[in-house]
Amino acid sequence: MTMNEAFVGFDSAWGGSKNGAVAWASFRGTRLHDLGEPKPANFKDAACIIETLRAEHSYVLIALDQPTLVPNETKSRPVERVAASLICSLKSAIQYTNRGKENLFGAHAPIWEFLDRLGARENPLAARKTVHGFYLIEVYPALALPALEHAIMERKRAARYNPNNREKFSLDDWKLATGAVKRHADTLDVAQLSHWASRQAELPCPKKYHQDCLDAAICLIIALQWRRTARNRLAVIGDGSTGYMVTAVSPATRKLLEGAAKRANVPFDAPWPSDAERE
């Protein structure tokens with residue numbers, strides 16, 4: 001029986017006042033069947049797309065760029081301290097997560113309604129191995145990009161591709177990030193996403209919604225890699241209690257992140273407990 005799979009990348013709307021972006025790809029076996037090119041989307045838009053895909057596919061994996069497990073009332077999650085070891089080394093910064101940020105992670109933040117509506121299972125290891133099911137993983141494009149584009153680590157500076165930060169935005173970095181998406185889309189045999197990335201690379205003056213769409217594409221790449229790429233090219237940092245991230249890694253980023261996790265006593269590619277054990 002041919003596998004019927006769908007993958008979603010959602011650069012979420014965070015506090016819900018503005019759009020994020022969503023992208024998706026569906027497959028019959030290993031062959032691409034259809035692609036939803038990255039486009040602006042709020043939580044409701046993304047949920048409708050995901051629910052349609054779920055009704056039509058035996059396996060769905062969502063890669064979400066927003067924390068999904070936030071038990072801490074203040075400061076940061078352990079996983080973010082590990083991620084910061086890489087991101088700060090590239091002269092950039094990370095946004096820390098806690099329940100004190102009411103509009104983002106308070107009791108009535110829109111992320112919780114979105115997650116409750118979908119009811120997807122968060123178990124990265126099961127999502128990688130199972131033949132069917134409905135899964136969600138937390139991802140972080142800024143953490144994965146240095147592994148997807150080796151030039152970032154070589155020059156020791158993060159890609160500055162956010163058009164809202166006019167002082168630091170670099171069109172060369174925009175081309176670097178879109179080029180990484182194109183290259184990995186080609187490797188994953190998602191030609192339509194590769195063509196989309198090529199068009200984005202030629203934008204003379206990208207806007208913020210273009211960046212949101214690019215981040216959704218990176219989320220989609222991570223979802224596809226988690227299912228189909230060699231395990232040593234990906235990592236799970238953290239756990240199902242204090243928070244986690246699934247990310248692409250290169251030999252260089254893996255070494256840095258694994259070392260930081262060990263020093264901070266944060267799980268790194270550790271066994272994931274069953275749903276019953278977590279309860």
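Helices (H or I, at least four residues) and strands (E, at least two) are DSSP runs, numbered from the N terminus. The buried residues of H6 that I listed are Pro141, Leu143, Ala144, Leu145, Pro146, Ala147 and Leu148.

Before going on, I wrote down that this is a predicted model, in which local features need pLDDT of at least 70 and side-chain atom pairs count only at pLDDT 80 or more, while totals for chains, interfaces and linings use all residues. Residues are numbered from 1 along each chain as its sequence is written, and side-chain values use heavy atoms, with hydrogens and water left out.

**Thr247**

I then looked up Thr247, which lies in strand E7, residues 243-248, and is buried with a relative accessible area of 1%. Leaving aside residues up to four places away in sequence, Thr247 touches Leu143, Ala144, Arg233, Leu234, Ala235 and Ile237, where contact means heavy atoms within 4.5 Å. Leu143 and Ala144 are among the buried residues of H6 noted above.

**The largest pocket**

For the largest pocket I found 50 lining residues, of which Gln95, Asn162, Lys208, Gln211 and Asp215 lie nearest its centre. The elements that give two or more residues to this lining are helix H2 (78-89), helix H3 (102-105), H6 and helix H10 (208-228), and H10 gives the most, with five residues. A pocket here is an open set of points on a 1 Å grid over the protein atoms alone, where a 1.4 Å probe fits, with protein on both sides within 12 Å along at least five of seven lines, and lining residues have an atom within 4 Å of a point.

**Phe7 and the aromatic rings**

I placed Phe7 in strand E1, residues 4-11, and recorded it as buried at a relative accessible area of 0%. The residues that Phe7 touches include Trp24, Phe27, Tyr59, Leu220 and Arg228.

I counted nine aromatic pairs in the model, taking rings of Phe, Tyr and Trp (its six-membered ring) as paired if their centres lie within 6.5 Å, with planes under 30 degrees apart called stacked, over 60 edge-to-face and the rest tilted. Phe7 and Tyr59 form a tilted pair, 6.0 Å centre to centre with 55° between the planes; this pair links distant parts of the chain, with Tyr59 in strand E4 (residues 59-64) and the partners 52 residues apart. Phe43 and Phe114 form another tilted pair, at 5.3 Å centre to centre and 50° between the planes. Phe43 lies in helix H1 (residues 43-56) and Phe114 in helix H4 (residues 110-118), so this pair ties together parts that are 71 residues apart in sequence. Both Phe43 and Phe114 are buried. I also noted that ring pairs link Phe7, Phe27, Tyr59 and Tyr135 into a cluster.

**Cysteines**

How many disulfides does a search of the whole structure find? The search finds zero disulfides, a disulfide being a pair of cysteine sulfur atoms within 2.5 Å. The sulfur of Cys205 is 15 Å from the closest cysteine sulfur, in Cys213, and is therefore too far for a bond. The sulfur of Cys219 is 11 Å from its closest cysteine sulfur, in Cys213, again too far for a bond. Cys205 counts as partly exposed at 48% relative accessibility, whereas Cys219 counts as buried at 0%.

Methods:
Buried < 20%, exposed > 50% of the residue type's maximum accessible area, 1.4 Å probe, protein only.
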